[in-house]
Amino acid sequence: MTFHSTAHQAIDPVKLDKLAEVAIKVGLRLERGQDLLITAPVAALPLVRLITKHAYIAGAGLVTTFYSDEETTLARYAHAPDESFDKASGWLYDGMAKAFGNNTARLAISGDNPMMLAAQDPAKVARANKAMSMAYKPALEKISNFDINWNIVSYPNPAWAKQMFPGDAEQVAVEKLANAIFAASRVDVTDPIAAWGEHNANLAKRSAWLNGERFSALHFTGPGTDLTVGLADGHEWHGGASTAKNGITCNPNIPTEEVFTTPHALRVEGHVSSTKPLSHQGTLIDNIQVRFEGGRIVEARATKGEEVLNKVLDTDEGARRLGEVALVPHSSPISASGVLFYNTLFDENASCHIALGQCYSKCFLDGASLTPEQIAAQGGNSSLIHIDWMIGSGDVDIDGIRSDGAKVPVMRKGEWA
């Protein structure tokens with residue numbers, strides 16, 4: 001794909017404009033005078049322009065965008081000296097952290113080619129990812145602690161579309177992916193903002209029921225899975241819209257079908273198998289199988305991308321422990337579409353999932369007032385990474401375990417019980 005690709009002509013301009021409006025009015029709920037920082041693949045320029053327009057209509061102070069590009073990323077792997085792969089632009093991420101500290105909103109547009117780095121040296125990929133994660137941590141903490149309103153949306157990059165629909169011509173593949181994104185993001189209806197209001201209310205009801213039950217653990221059973229996930233002390237379930245510490249209620253992920261909370265980093269036992277491939281930083285990791293003891297992954301295998309998986313698990317001490325558990329019905333619109341996106345933002349909303357690494361302080365009662373030490377004492381995990389992968393399907397059952405050991409059906413055959 002070149003910068004001047006005509007593939008964007010296959011994308012419905014009205015729905016793309018609605019997606020941009022939803023990103024600002026639902027995803028961020030950007031406030032008048034608030035600055036906005038956007039990161040995006042250069043292929044997503046048509047969406048960046050529309051989001052920027054809607055941001056300024058909403059009264060944005062200043063919109064600043066940082067672009068990435070597949071060809072320049074690959075040039076590093078082809079030509080950079082070895083020591084390059086232990087470097088990251090710390091000055092850039094320090095600047096982002098400073099911006100978030102000044103209440104700048106954050107919007108990421110995803111859409112990179114999921115197989116971009118598949119042919120590259122896994123050791124170099126892992127080193128580059130670790131360097132980036134270390135440099136990004138000050139900024140990531142502002143996001144994972146919900147200091148600010150933030151949001152992720154997606155654009156149908158031709159390289160991504162061709163991975164999903166390899167048998168189609170580029171324009172056809174882009175049109176198919178665009179329509180799938182629009183449907184999952186609820187912008188293919190007359191009034192997307194009203195549709196999001198109704199959807200957020202339904203997710204809030206699920207969260208309220210789970211918070212009322214106060215389960216001490218969840219037990220997952222299914223093919224290749226017998227996993228008990230202890231829940232953090234004082235955990236709190238969230239789903240859909242969420243209020244950041246700056247007082248703005250935002251929808252961090254568009255689309256979203258999940259309700260999620262924080263596991264106890266020391267209380268996960270058993271084994272679990274992935275039900276969908278994980279696309280991580282340009283590498284596809286498939287058929288993941290791991291075993292937990294005392295909350296820690298002690299054994300990990302994958303039929304594809306195993307070397308990258310194990311490098312990820314060695315990032316730091318917290319990388320082998322869980323920072324999130326999320327429940328999604330198997331009949332969710334994304335799952336029902338039958339489309340595998342090779343993109344975690346979408347695939348995680350087709351399936352129950354867990355995340356390795358950093359927890360969300362938001363998912364604790366009074367989380368905004370807790371110190372990192374208090375969060376750790378209650379079982380919250382800390383890490384440079386936060387990587388979701390899918391463990392739910394129509395064959396998985398989930399029970400909630402109460403503090404007295406009593407079991408309550410939560411999901412049967414992938415659906416709410």
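Biologist: Which residue in β3 does L36 stand opposite?

Modeller: This is a predicted model, where local features need pLDDT of at least 70 and side-chain atom pairs count only at pLDDT 80 or more, while totals for chains, interfaces and linings use all residues. Residues are numbered from 1 along each chain as its sequence is written, and side-chain values use heavy atoms, leaving out hydrogens and water. β1 (residues 36-41) pairs in the parallel sense with β3 (residues 105-110) over 4 bridges; strands are DSSP runs of E, at least two residues, numbered from the N terminus, and pairing takes at least two DSSP bridges. In β3, the residue opposite L36 is A105.

Biologist: And β2, which of its residues faces A40?

Modeller: β2 (residues 63-68) also runs parallel to β1, over 6 bridges. In that pairing, A40 sits across from Y67.

Biologist: How far apart are the C-alpha atoms of I288 and V272?

Modeller: I288 sits in the loop between β13 (283-285) and β14 (289-293), and at 1% relative accessibility it counts as buried. Beyond neighbours within four places in sequence, its contacts (heavy atoms within 4.5 Å) include V272, L309 and W389. I288 and V272 are 16 residues apart along the chain, and their C-alpha separation is 8.2 Å.

How values were computed
Buried means under 20% relative accessible area, exposed over 50%, partly exposed in between (1.4 Å probe, protein chains only).
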